[in-house]
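Dear colleague,

I am passing on the structure below, together with some notes on what was found in it. Please read the notes with the coordinates open beside you.

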Amino acid sequence: KSKISVKILEALEQMDTAELEIQFAECEPEAQGHKLLGLPFYEDIRNGYPEMINLLQISNDEELGIRLSDSGNINLMIKPSDLKFGNWKKTRSFLHA
């Protein structure tokens, strides 16, 4: 596991169930913050990997204790063909800090 994923897991383990509740709402495709699907917030990741689907974007979050540099994001992305066949081992992560 990467240092980042370990820190995220440690932060989640310290919270109770009520604190882990997530509510999703519609947002702009290129919005900053935590989100499922949509486009990566940072243009260099959007343009550098146009063939990939952004599955999840995690951003700095003081409440959760997530700090990815000054204004960083981590994006979990996959190619459509790998998603179609459930080939989750081909998921890639991109850290923009």
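A residue counts here as buried under 20% relative accessible area, as exposed over 50%, and as partly exposed in between. Please keep in mind throughout that this is a predicted model.

With that scale in hand, Leu 37 is classed as partly exposed because its relative accessibility is 47%. Leu 37 lies in the loop that runs between strand S1 (35-36) and helix H2 (43-48), and although Leu 37 is not a glycine, its phi is positive, at about 60°. Most residues other than glycine have a negative phi.

The strands form an open sheet of four, in the order S1-S2-S3-S4, with antiparallel pairing. S1 and strand S4 (92-96) are the edge strands, each of them pairing on one side only.

Turning to the pairings within the sheet, strand S2 (residues 53-59) is joined to S3 by six bridges in the antiparallel sense, and strand S3 (residues 73-78) is in turn joined to S4 by five bridges, again running antiparallel.

How many of the six residues of S3 are buried? Five of the six are, and S3 is therefore largely enclosed by the rest of the structure.

With best regards

Definitions and conventions. Residues are numbered from 1 along each chain as its sequence is written. This is a predicted model: local features need pLDDT of at least 70, side-chain atom pairs count only at pLDDT 80 or more; totals for chains, interfaces and linings use all residues. Side-chain values use heavy atoms; hydrogens and water are left out. Helices (H or I, at least four residues) and strands (E, at least two) are DSSP runs, numbered from the N terminus. Buried means under 20% relative accessible area, exposed over 50%, partly exposed in between (1.4 Å probe, protein chains only). Two strands pair if DSSP finds at least two bridges between them.
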